[in-house]
Amino acid sequence: MDNSFMARAIQLSLDNVLSGQGGPFGAVIVKDGVIVAEGANRVTSTNDPTAHAEVVAIRQACAKLGTFVLKDCEIYTSCEPCPMCLGAIYWSHLARVYFGNSAAAASRIGFDDSFIYREFTQPIPERRIPMLQLMQEQALAAFRAWEQKPNKVLY
């Protein structure tokens with residue numbers, strides 16, 4: 001099946017490799033049949049490990065549309081989203097995800113995120129990166145303030 005939005009995401013991924021700007025990943029966000037944002041992987045060119053194509057596109061779409069909720073939008077991405085990007089997709093409430101390459105194909109060329117999925121299922125004390133809870137009582141002050149705030153914006 002040919003799709004111009006997916007074709008654009010794929011072209012962004014290829015252009016990104018050829019330009020040396022980052023990894024082989026591209027994404028576009030579409031609203032009402034129109035591309036509102038595009039993103040390409042910029043991890044190495046910006047020294048930002050969160051600058052995945054999907055996250056770049058989500059940030060751009062939110063800025064352009066003036067909202068943090070993209071429920072009326074869809075994302076076309078050249079590869080199945082990694083755990084971080086999938087989290088961003090859920091937090092931004094995108095309506096649908098279309099992807100080209102699979103996570104397994106990405107793994108075969110060195111982009112293996114399966115260890116992150118495994119980490120999620122591990123009890124906190126057994127994770128590779130030590131995670132230690134500190135100052136919980138003091139930290140709860142912000143949560144209490146949020147609970148009591150009458151005009152909070154929910155997301």
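This report describes aromatic pairs, salt bridges and pockets in one protein structure. The model is predicted, and residues are numbered from 1 along the chain.

## Aromatic pairs

The structure holds 6 aromatic pairs. One of them joins F68 and Y155, whose ring centres lie 6.0 Å apart with 80° between the planes. An angle over 60 degrees counts as edge-to-face, and this pair is therefore edge-to-face. F68 belongs to the loop between α3 (53-65) and β3 (73-79), while Y155 belongs to the segment after α7 (136-148), so the pair ties together parts that are 87 residues apart in sequence. The two partners can also be described by their accessibility. F68 has a relative accessible area of 39% and is partly exposed, whereas Y155 is exposed at 60%.

A further pair is formed by Y117 and F120, with ring centres 6.3 Å apart and planes at 85°, so that this pair is edge-to-face. Both residues lie in helix α6 (residues 114-121), where a spacing of 3 residues separates them by about one helical turn. Y117 is partly exposed, with a relative accessible area of 36%, and F120 counts as exposed at 52%.

Ring pairs also link F5, Y76 and Y98 into a cluster.

## Salt bridges

Side chains of opposite charge can pair when their charged atoms come close. In the whole structure, 4 salt bridges are found.

| Residues | Distance from N to O |
|---|---|
| D48 and R59 | 3.8 Å |
| E74 and R96 | 3.3 Å |
| R144 and E137 | 3.3 Å |

D48 is partly exposed at 23% relative accessibility. R59 is likewise partly exposed, with a relative accessible area of 45%.

In the bridge between E74 and R96, E74 comes from strand β3 and R96 from strand β4 (residues 96-101), so the contact ties together parts that are 22 residues apart in sequence. R96 is partly exposed, with a relative accessible area of 45%.

For the bridge between R144 and E137, the accessibility of each partner is also known. R144 counts as partly exposed at 39%, and E137 is exposed at 53%.

Rolling a probe the size of a water molecule over the atoms shows where empty space is left. The largest pocket contains about 460 Å³ of space. Its lining has 22 residues, and those closest to the pocket centre are H52, C82, F111, D113 and I116. The elements that contribute two or more residues to this lining are α2, α4 (83-92), α5 (103-108) and α6. Among the elements, α6 gives the most, with 3 residues. By class, the lining of the largest pocket consists of 14 nonpolar, 4 polar and 4 charged residues.

The second largest pocket contains about 180 Å³ of space. Its lining is made up of F115, I116, E119, F120, R127, R128, I129 and M131. These residues divide into 5 nonpolar and 3 charged, with no polar residue.

Note on methods. Predicted model: local features only at pLDDT ≥ 70, side-chain atom pairs only at ≥ 80, totals over all residues. Heavy atoms only, no water. Phe/Tyr/Trp six-rings, centres within 6.5 Å; stacked < 30°, edge-to-face > 60°. Helix = DSSP H or I, 4+ residues; strand = E, 2+ residues; numbered from the N terminus. Buried < 20%, exposed > 50% of the residue type's maximum accessible area, 1.4 Å probe, protein only. Salt bridge = Lys/Arg side-chain N within 4 Å of Asp/Glu carboxyl O. 1 Å grid on protein atoms, 1.4 Å probe; cavity = no way out; pocket = protein on both sides within 12 Å on 5 of 7 lines; lining within 4 Å. Points joined across faces, edges and corners; volume = space filled by probe spheres on them. Nonpolar A, V, L, I, M, F, W, Y, C, P; charged D, E, K, R; others polar.
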